[in-house]
Amino acid sequence: MTKKHLIEKAKEVSRKAYAPYSNYKVGAALLTKSGKVYTGCNVENSSYGLTNCAERTAVFKAVSEGEMEFKEMVIYAESPNLPTPCGACRQVLSEFGPELKITIISNKEQLETSISELLPLGFRF
Ligand code: THU
């Protein structure tokens, strides 16, 4: 799985986002250490706080299929604003290890980072 392919997957799934309230469509593609890809989009709700972000959709899909070892995530939004993950998603992503590489892409820029950079000292139990 090349980075280019992972970016294509994130773009593709962003088109499936259910975002009638914000109109901000996000897609995430999560590559596991075993080489599988799990995608996710944001799913909004008329009770706004129930919205699920693209990143968590992808993680929950992967974990529910038995995958917990992640290598890399690409997050994409067709917008000038970079879809930097919210605090809740950072905490969820950090649950599965500090090594996860993250690429964040808008239609203007691209940022290469990692979960340990995005969430230093995340909560661990
Ligand atoms: N959103 C994501 O899905 N991921 C991010 O990284 C940032 C925000 C969603 C939540 C909501 O549906 C919309 O973007 C606007 O906040």
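User: Which residues form a nonpolar patch on the surface here?

Analyst: First, a word on the model. It is predicted, so local features need pLDDT of at least 70 and side-chain atom pairs count only at pLDDT 80 or more, while totals for chains, interfaces and linings use all residues. Residues are numbered from 1 along each chain as its sequence is written, and side-chain values use heavy atoms, with hydrogens and water left out. Now, patches are made of residues with over 30% relative accessible area and no salt bridge; like charges are joined within 9 Å and nonpolar side chains (Val, Leu, Ile, Met, Phe, Trp, Tyr) within 5 Å. A salt bridge is a side-chain nitrogen of Lys or Arg within 4 Å of a carboxyl oxygen of Asp or Glu. Here the patch consists of Tyr18, Tyr21, Val43 and Tyr48, with about 440 Å² of accessible area together (Shrake-Rupley method, 1.4 Å probe; for residues, only the protein chains shown count as cover).

User: How do I read a pair of aromatic rings?

Analyst: You describe the pair by the distance of the centres and the angle of the planes. Rings of Phe, Tyr and Trp (its six-membered ring) pair if their centres lie within 6.5 Å; planes under 30 degrees apart are stacked, over 60 edge-to-face, and the rest tilted. The whole structure has 2 aromatic pairs. Tyr21 and Tyr48 have ring centres 5.5 Å apart and planes at 45 degrees, so that pair is tilted.

User: And what about the rings of Phe70 and Phe96?

Analyst: Their centres are 5.5 Å apart and their planes at 70 degrees, so this pair is edge-to-face. Phe70 sits in strand 3 (residues 70-77) and Phe96 in the loop between helix 3 (87-94) and strand 4 (101-105), so the pair ties together parts that are 26 residues apart in sequence. Helices (H or I, at least four residues) and strands (E, at least two) are DSSP runs, numbered from the N terminus.

User: Is Phe70 buried or exposed?

Analyst: Buried means under 20% relative accessible area, exposed over 50%, and partly exposed in between (1.4 Å probe, protein chains only). Phe70 is buried at 7%, and Phe96 is partly exposed at 26%.

User: Which residues of helix 3 are buried?

Analyst: Cys89, Arg90, Leu93 and Ser94. Seen down the axis, the buried residues of helix 3 fall within an arc of 130 degrees (taken from the directions from the helix axis to the C-beta atoms), so they line one face of the helix.

User: What does Arg56 touch?

Analyst: Contact means heavy atoms within 4.5 Å. Not counting residues up to four places away in sequence, Arg56 touches Thr51, Cys86, Ala88, Cys89 and Val92. Arg56 lies in helix 2 and is buried, at 15%.
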